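Open the model in your viewer and keep the selection tool at hand. This tour goes stop by stop: what to select, and what is there.

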Amino acid sequence: MNPPYSDVATFMARARECTETNPLLEVVVSLIPADVATAVWPNQILPVATEIRFLTGRLRYWDQGKPGKYTARFSSALVI
């Protein structure tokens, strides 16, 4: 899942709820900003994540199947 970066907390809460209520959904992988200073990290991610992978560098946006000239303004992480 790649939640809107302006509302990561809502999507992380919903992902946790879905895994707790749906026996077929065992794993959720989220691509989110690696801003560990926000409240979502200690409150919603660290208590439940089984794995966190911080991506090296910044994500590059693609344009019509080719690497674009723009990158994200922040680092990203995969939260499992």
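Select E51 and R53. Their side chains meet in a salt bridge, 2.4 Å from N to O. A salt bridge here is a side-chain nitrogen of Lys or Arg within 4 Å of a carboxyl oxygen of Asp or Glu. E51 is partly exposed, with a relative accessible area of 30%. R53 is partly exposed too, at 48%. On this scale, buried is under 20% relative accessible area, exposed is over 50%, and partly exposed is in between, with a 1.4 Å probe and protein chains only.

A word on what you are looking at. This is a predicted model, in which local features need pLDDT of at least 70, side-chain atom pairs count only at pLDDT 80 or more, and totals for chains, interfaces and linings use all residues. Residues are numbered from 1 along each chain as its sequence is written, and side-chain values use heavy atoms, with hydrogens and water left out.

**Colour by confidence**

Colour the chain by pLDDT, the predictor's confidence in each residue, from 0 to 100. The protein chain averages 90, and 100% of the residues score at least 70. Now pick out two strands. Among the elements of the chain, strand β2 (residues 52–54) has the highest mean pLDDT, 97. Strand β3 (residues 60–63) has the lowest, 84. Helices (H or I, at least four residues) and strands (E, at least two) are DSSP runs, numbered from the N terminus. Where pLDDT is low, the predicted coordinates should not be read in detail.

**Along helix α1**

How many salt bridges does the structure hold? There are three. For another of them, select R14 and E17. Their side chains form a salt bridge of 2.8 Å, N to O. Both residues lie in helix α1, three residues apart, about one turn of the helix. R14 is partly exposed at 46%, and E17 is partly exposed at 42%.

Stay on the helix and select R16 and E20. They form a salt bridge, with the closest N and O atoms 3.1 Å apart. R16 and E20 are four residues apart in helix α1, so about one helical turn separates them. R16 counts as partly exposed, at 38% relative accessibility. E20 is exposed, at 58%.

Next, select A15, also in helix α1. Is A15 buried or exposed? At 10% relative accessibility, A15 counts as buried. Leaving aside residues up to four places away in sequence, A15 touches M1 and V28. Contact means heavy atoms within 4.5 Å.

Select S30, in strand β1 (residues 30–33). S30 is buried, with a relative accessible area of 1%. Show what surrounds S30. Its contacts are M1, M12, A77, L78 and V79, not counting residues up to four places away in sequence.

D7 sits in the segment before α1 (8–21). D7 is partly exposed, at 30% relative accessible area. Between D7 and S30 there are 13 Å in space, C-alpha to C-alpha, and the two are 23 residues apart in sequence.

**The largest pocket**

Turn on a surface. The largest pocket has a volume of about 280 Å³. Of the 16 residues that line this pocket, T19, V28, V48, A49 and I80 are the closest to its centre. Two elements give two or more residues to the lining: α1 and α2 (40–45). α1 gives the most, with five residues.

A pocket is an open set of points on a 1 Å grid over the protein atoms alone, where a 1.4 Å probe fits, with protein on both sides within 12 Å along at least five of seven lines; lining residues have an atom within 4 Å of a point.

**A last stop: Q64**

Select Q64, in the loop between β3 and β4 (66–71). Q64 is exposed, with a relative accessible area of 77%. Check the backbone: phi of Q64 is near 55°, a positive value in a residue other than glycine. Most residues other than glycine have a negative phi.

Conventions:
Points joined across faces, edges and corners; volume = space filled by probe spheres on them.
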